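Welcome! Take a moment to look over the model, and then let us walk through it together.

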Number of protein chains: 2
Amino acid sequence: MKDPTIADIDARRQAAGKMVAPTAAYADSDMFKLQCSRKPAAKRWDNHLTDECLARAPGILKVAARFLKRPGMISLAGGLPGTDYFPFNSISAAIPAIPDEAGSNMSETESTITMGLHDIASGDATFDLSVALNYGQAAGSAQMIRWITEHTELVHNPPYADWDTCLTTGNTAGIYQALRMLCDKNRGDSWITEEYCYASALETALPMGIKTVGIKMDADGPIPEVMDELLTNWDAAKKGARKPHVLYTVPTGQNPTGSTQSAARKRAIYQVCQKHDIYILEDDPYYFLQLRSDLHSQHNPSKPSASTFLANLPPSFLSIDTDGRVMRIDSFSKVVVPGARMGWVTASEQMIERFIRHAETASQGPSGFSQALIYKLVDEKWGHQGFLDRLQHLQTEYTARRDVMLAAFDKFLPKSIVSWNSPSAGMFCWIRINHSLRPNAKLYSALDIEEEIFAACLKRGVLVAKGSWFRAEPDMPLNDVFFRLTFAASSAENMEVAVRTFGTALRSIFKLE
Amino acid sequence: MKDPTIADIDARRQAAGKMVAPTAAYADSDMFKLQCSRKPAAKRWDNHLTDECLARAPGILKVAARFLKRPGMISLAGGLPGTDYFPFNSISAAIPAIPDEAGSNMSETESTITMGLHDIASGDATFDLSVALNYGQAAGSAQMIRWITEHTELVHNPPYADWDTCLTTGNTAGIYQALRMLCDKNRGDSWITEEYCYASALETALPMGIKTVGIKMDADGPIPEVMDELLTNWDAAKKGARKPHVLYTVPTGQNPTGSTQSAARKRAIYQVCQKHDIYILEDDPYYFLQLRSDLHSQHNPSKPSASTFLANLPPSFLSIDTDGRVMRIDSFSKVVVPGARMGWVTASEQMIERFIRHAETASQGPSGFSQALIYKLVDEKWGHQGFLDRLQHLQTEYTARRDVMLAAFDKFLPKSIVSWNSPSAGMFCWIRINHSLRPNAKLYSALDIEEEIFAACLKRGVLVAKGSWFRAEPDMPLNDVFFRLTFAASSAENMEVAVRTFGTALRSIFKLE
């Protein structure tokens, strides 16, 4: 079966005719897929789910809402405020044009997107504020689910039939809800993460009483053989936890180490998960921040076509997930804006249905303002082609930022004690300090020296992130000193100043020069 | 001490000077209060909190962010995307003017609110998209916390010193997070609700394994004597749950019964809660939908002043809460728009701090688009005075809607079998059907007859809400048949058609002419 293309999506929309999705309309991915018939179904995961998750029933009023599909039905049932009282006649946004590769473009520099209160009734719009700003489905609006379904098929094309998607209020909520679904302290559950792990994920699991087990990493991410050995030899009594049945991983531009799993690494990890019946949470907010290696040449390379761009993206866990054992957690935070507090998850229909039941009582789904404005932006203004153009532009920009940071490392850091890899994706550089070279190193723990460097930087006006903040198992002894530095937020000038200061602090502590 | 006024708030802002609150700035209510020095402190609630709640530590990266307060600090620590890449130069909204009492107004019919990406840097703005659309505090932006603190002091003026507020992603999340803080199935926790209760609250507690205990109600809400007796005689073994330590109540225009607790009723319930060490969750989304009784006269009454309007509002639990035992859960859903998915909670500093720790891993707070647009609307466009004007306008509108529904009841419903009260607040009428008057009533259960009426309405094109959907304890036998009808959403014509149809269905089933 050929890969889906943007042209296929356009053709499907054309054939489907105008989308009709009024207030709180139900939608799922099957309504918008190009392909599914010849793929196998996902496996079932009932034995992975918590009692709490299994006990969730559909909201009674959401069930009642299905009667509203009948034409002419008058409802006195739902407590929805009248849209006549909404104090927003319309909302608009000024959108900057996406610069072309040379940064020179552009026939327009800014354009406007607008959504009115009654655009659906008064014209040929598919979405308006009377729908977006009223109560809706916790899964998100049909309008956004269509875009996300199309995007997922274009980019990941999951190899099983019954995959589904729903919106989230961001990856934080995605991780939180996934953990509530899968892990229960009453049955002694634990989960596996990278040995250095996104701090918020660890802070989510800890108060729930879920034990975190970190897997040793190399430059390619967690090491499958280490994971296999750990699981094969798991001793529940000794470990104080049931054998882990969930893997949480950030496969691209990992936070904090910046490492990116190769396709071969992902396949090896997936096989270990199949062997040990592990469910995979693929948290991949940096997936589209692939950093290019071809920008160092004198000539800007020509912009690749959409199909080349897509073909060059590494395979996600979702794209190799023949079992339906992956929940992929995606975000608009790094590629549009974090403040949208909106993302989405993709998994088998069974898992998405349970996820939505939870969202109905935990959040009722993301903001209607976010849905309205992001829909207007990514669907109507950009479309799938424009979104890919945007991503290519971001990649160019973040690549240039990374290169500024790496050049500053090269210029200002003492290489006798500092080492780093060049990250191929994301926002982070991960710096190792050979702390054993500190004068009188034996008198200090790694934690002491890490704190000494951190404080010396702070005193000089630079804030960096300690590696120890990200340890999956903070009770284990710290053997290495790392720092995480981001090239995402600061100006080139500030990055250079900060890295020079970091180098000065190190030289002072390590008595170099 | 005199009640706070809008003039006092204006004077405090004037004296405080321009607000400076950059990206992810920390804020709490103490920064914006008029009064607190002479009030007593709240009691502590440690023994009410769950193990999970007590185990929550502050997010390490949020703690690190406090170093950013130092002027000139360069951060390479936080993974915030660069605001230069935000694809929104500005957002705007067209806001309808608030009609005056006669509905005739108005010098303007519409005005525009706008927020740009760099308004703070380029002018005298207090909030802009570079802040609103980046990562922020889970408690919400300082800008919104200021407005909410002022509003709370104006309307409720809690009688203890250390009250605090934070934003939520809506009352659904407020209830959910409060339950996680307070109730734990592992210690056999239960909570008390009205005998007929907001379905989503029940659906939140059930999968968590929290037992719900419903308190019998009269026209004024839950009956304090019944509650006292239940708690005094609680037998944990027989009930299969620890004595309840949490009350969940919707005191105004209760969902589903439409009942509103009088001031005396609230005081009586509060005393029972003091006696039995009960923590109170006051979920009050309909508080400002007070329905007036003075609109039946021929002449429109003159619009009351802000101080008269505020003085006529009934006391909330928060306003009589000398112990700090109330968490008040407030919403923009009924008075602005539900799609904002934004509300706020007010409680003692101890409880708000725990609530925020949870929000940091559950949601990271509400959408920045919602915060930006609601701030521009309620703070800059309306101000506190304009918000009260808006509320008065809504009250007039919803009162007229209620009266249309009550007139239709009077005209179309068979009074021999149907009874109702006139709701003094909210969106709902609660209709009791004397099902014992159905021919051959003894052959059917109340549930059977309820379903028969529901189905007969559906067949005729009208959807109503069954009373049984809202039962706190659905396993108990159903003795009464109720239906909840809302006057919020439908047009006057549709309400009349639907009520007539409801009457026709009843006459057919009960063989009435």
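A polar contact is a pair of N or O atoms within 3.5 Å; within protein, one must be able to donate a hydrogen and the other to accept it, and residues adjacent in sequence count only if both atoms are side-chain atoms. Between chain A and chain B, 49 residue pairs are in polar contact, both residues being at pLDDT 80 or more.

## About the model

This is a predicted model, in which local features need pLDDT of at least 70 and side-chain atom pairs count only at pLDDT 80 or more, while totals for chains, interfaces and linings use all residues. Residues are numbered from 1 along each chain as its sequence is written, chains are lettered from A and ligands numbered from 1 in the order in which they are written, and side-chain values use heavy atoms, leaving out hydrogens and water.

## Where the two chains meet

Let us start with contact, meaning heavy atoms within 4.5 Å. By that rule, 108 residues of chain A touch 108 residues of chain B. The two chains bury about 8800 Å² between them, 61% of it on carbon and sulfur atoms; buried area is the accessible area (1.4 Å probe) that two parts lose on being put together, summed over both. On the chain A side, A:L76, A:Y85 and A:L463 lose the most area to chain B, together 10% of what that side buries.

How many salt bridges are there between chain A and chain B? The count is two, where a salt bridge is a side-chain nitrogen of Lys or Arg within 4 Å of a carboxyl oxygen of Asp or Glu. B:E52 forms a salt bridge with A:R180, their closest N and O atoms being 2.6 Å apart.

## Strands side by side

Strands (E, at least two residues) are DSSP runs, numbered from the N terminus, and two of them pair if DSSP finds at least two bridges between them. Strand β2 (residues 90-96) of chain A runs antiparallel to strand β2 (residues 90-96) of chain B, and five bridges join them. Here A:A94 has B:S90 in β2(B) as its bridge partner.

Chain B also has an open sheet of four strands with antiparallel pairing, in the order β13-β14-β17-β16. Its edge strands, β13 (418-420) and β16 (465-466) of chain B, each pair on one side only. Three bridges join β13(B) to strand β14 (residues 428-433) of chain B, and B:W420 has B:I431 in β14(B) as its bridge partner.
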